[in-house]
Amino acid sequence: MRVLIIGGTNFIGPYVVTLLDQLGHEVTLYHRGQHEPELPPAVRHIHSPRAGIPVLHLPSSLSDPPPEVVLHMFPVGEDDARAAVARFAGVARRMVAISSGDVYRAYGLLLGMEAGAPEAVPLAEDAPLRETLFPYRHRATGPTDWMYHYEKILVERAVLEGRIPGTVLRLPVVYGPGDPYHRLRPYIVRMGHHRPAILLESAAASWSWTHGYVEDVALAIVRAVTDERATGKVYNVGEPVTPATADRVRRIGDVMGWRGTVVPLSRERTPEHLRAPFEPRQDLTTDTGRIRAELGFDEGVSADEGLRRTIEWERSQPSSSVDPGPAEYAAEDAALRYYAGVD
């Protein structure tokens, strides 16, 4: 199968590209050429400065030869999704677009963008979506900033409107080697420093958000790309069972051989740098049963092995902006002493 990937050179993409190549598919990447990860030699690259986010320009060379499936790794909003649909309608057999769990109304409740009672979890693919659009526009520097236009709800509508058969994948929090956000690193660093406790705000300790190890997420994407049964479907991607944050942290500790404890604190007693930036009353747990039942997806890497690989990679990396410093540790020590009744 000939697969054209728009993007595909950052965190998740190289895993997807490598797996498609291993399965014998012909892969072409359209990107700026600013990131050149180590990829199989058979992969074809088409570079253009106009391939930056959002991708609004798709040259005719992308249809020589015509792709059978187009995988758009990071459609930002309506304009670039419609540009891709228009370019490949009548050319490709199908388009697969990467979306996010942030489309759900539950996410809007978490951010305070939506009002009302919490949504029941786990969230199936037919759970209510946000009514308020553009969740990150307040962070944008202006209309030239891609965050100003970010809206996966509009991406999904454009891809599924029918001009080309489409598939949508709603991704979870993705972690693993290469994670640019270092999502698990704060815990890994503290455990590596033999901290006696990991402090969590109580509400956050019992809160849950579906995660996925990067190689497993890539495998799910490849299943959707290569299986025609995915046509016209929306799939949640992520772990089969989502633990509470405190339990996830304990599992990281078990893999690392850490002997400390996880300590929940009231918001008032939680050091400011550890307080959740939102009110974690709405879980973001998704039901990932559909992709398992319809496409036969299952994780290729065990949960503990995924954590082990993530820990190994993080411990090989230089210091990061998410790493705690002396001031943070001092605040955590003071909070822990109060919790223990020493102060």
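Predicted model: local features only at pLDDT ≥ 70, side-chain atom pairs only at ≥ 80, totals over all residues.
Local features require pLDDT of at least 70 and side-chain atom pairs pLDDT 80 or more, whereas totals for chains, interfaces and linings use all residues. Residues are numbered from 1 along each chain as its sequence is written, and side-chain values use heavy atoms, with hydrogens and water left out.

Two or more lining residues come from each of strand E9 (211-213), helix H8 (214-226), helix H9 (245-256) and helix H11 (303-316); helices (H or I, at least four residues) and strands (E, at least two) are DSSP runs numbered from the N terminus. By class, the lining of this pocket contains 11 nonpolar, four polar and six charged residues (nonpolar: Ala, Val, Leu, Ile, Met, Phe, Trp, Tyr, Cys and Pro; charged: Asp, Glu, Lys and Arg; polar: the others, Gly among them).

One cavity of 30 Å³ or more is present in the structure. The largest cavity has a volume of about 90 Å³ and is lined by 14 residues, with Gly101, Leu171, Trp209, Leu284 and Thr286 nearest its centre. Eight nonpolar, four polar and two charged residues make up this lining.

Helix H6 (residues 185-192) packs against H11 at an angle of about 75°, with the axes 10 Å apart. H6 is therefore roughly perpendicular to H11 (65 to 115 degrees). Axes are lines fitted to C-alpha atoms, for helices over the stretch in contact, and angles run from 0 to 180 degrees between N-to-C directions. Arg185, Ile188 and Gly192 of H6 meet Thr310, Ile311, Glu314 and Arg315 of H11, contact meaning heavy atoms within 4.5 Å.

Thr270 lies in the loop between strand E11 (261-265) and helix H10 (289-295). Thr270 counts as buried because its relative accessibility is 1% (buried: under 20% relative accessible area; exposed: over 50%; partly exposed: in between; 1.4 Å probe, protein chains only). Thr18, in helix H1 (residues 13-22), counts as partly exposed at 24%.

Conventions: 1 Å grid on protein atoms, 1.4 Å probe; cavity = no way out; pocket = protein on both sides within 12 Å on 5 of 7 lines; lining within 4 Å. Points joined across faces, edges and corners; volume = space filled by probe spheres on them. Parallel < 35°, antiparallel > 145°, perpendicular 65-115°, else oblique.
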